[in-house]
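This report is for a reader who has not seen this structure before. Please look over the sequence and the model below, then read on.

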Amino acid sequence: MMLLEAENLTVGYRRPVVRSASLVLQAGELTALLGPNGCGKSTLLRGISGNGKVFAGTVRVCGQDCLALSARRRARCLALLPQRVGVLPGLTVREVITMGRYVHSGLFGGPQPGDAERVEQIARTFGVEPLLDTDCAALSEGQRQLVHLCRVAVQDTPVLLLDEPNSALDFTNTHRLFATLRRWVRGQSKAGLVVLHDPALALRYCDRLLLMQRGQLCGEIHPGDGAPAVEAALAPLYPQLRVVAGTQPGELFCTLRDGCGGE
């Protein structure tokens, strides 16, 4: 089931950065957005979420024109995790995650029945439950990143937009995060769009890969298409990359071509 459709979206700041971008996100799918630095990936996410300047185009979530909604109503459709979120000293992890429930609060903004349980459930899912009563300022950058991921997850929106959610995480926590995120998106029938720089990570955990270059979407990859087709599709962005099949069905690995190791 299609949850999000962006059509001919042109977004930027004082001038357009991303031009005529069209994409669809399906329920239960985790989709990667890959491309070089400065190609417009973060700008596209901001435009889809309504936080960037939209020059043209539409964004629909579950049939609703999201760009025509108020910020509060739009936050019930889409949740955005930007690359960097400021430190919030004096607030506990529980309080920060609970902020994500405010979009569902009543007229006077108070907590709703079940909010506390939902916060604890999401914290447990993403492995931060032991930190719930810790001051956020005392956390490492990687721990804070997980906390803010919980904050957007607890909004319970159909669509999640995640901009490099693993940028401060070590190897083990990166893979744990993406395994959990993929399982959660599928189990909850959400649609996730995640900006990544690592094609190997995208091929391992994502259902589709969207490629971006110079402000335009320029390709789409399905890992199930097989190593030769995936390697050919990635070649314009990663010419040094080799894609090889693993021993399990659909398993793909990335290596560098001979002579690209730098030694």
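How many disulfides does the structure hold? The structure holds 0 disulfides, a disulfide being a pair of cysteine sulfur atoms within 2.5 Å.

## Basis of the values

This is a predicted model, in which local features need pLDDT of at least 70 and side-chain atom pairs count only at pLDDT 80 or more, while totals for chains, interfaces and linings use all residues. Residues are numbered from 1 along each chain as its sequence is written, and side-chain values use heavy atoms, with hydrogens and water left out.

## Cysteines

The sulfur of C150 has its closest cysteine sulfur in C136, 10 Å away, which is too far for a bond. C150 counts as buried because its relative accessibility is 0%; buried means under 20% relative accessible area, exposed over 50%, and partly exposed in between (1.4 Å probe, protein chains only).

For C206, the closest cysteine sulfur is that of C254, and at 12 Å it is also too far for a bond. C206 has 5% relative accessibility and therefore counts as buried.

## Nonpolar cores

A nonpolar core is a set of buried Ala, Val, Leu, Ile, Met, Phe, Trp, Tyr and Cys residues joined through side-chain atoms within 4.5 Å. The largest one has 50 residues, of which I97, F126, F178, L196 and L234 touch the most other members. Helix 5 (residues 141-153) gives the most to this core, with 6 residues. Another core, of 28 residues, lies apart from it and includes L25, V61, L69 and A191.

Contact means heavy atoms within 4.5 Å. Beyond its neighbours within four places in sequence, I97 is in contact with V119, A123, V128, L132, V147, C150, R151 and V154.

## Helix 5

Helices (H or I, at least four residues) and strands (E, at least two) are DSSP runs, numbered from the N terminus. Helix 5 has 13 residues and spans 18 Å from its first C-alpha to its last, close to the 18 Å expected at 1.5 Å a residue; the expected span is 1.5 Å times one less than the number of residues.

Helix 5 is largely enclosed by the rest of the structure, because 11 of its 13 residues are buried. Among them are R144, H148 and R151. The buried residues of helix 5 pack against strand 6 (78-81), helix 3 (93-98), helix 4 (115-125), strand 7 (159-163) and helix 6 (171-188).

## A hairpin

Strand 9 (residues 208-213) pairs with strand 10 (residues 216-221) in the antiparallel sense over 5 bridges; two strands pair if DSSP finds at least two bridges between them. L211 has G219 in strand 10 as its bridge partner. The hairpin has 2 residues between the strands, and in it R214 takes a positive phi near 50°.
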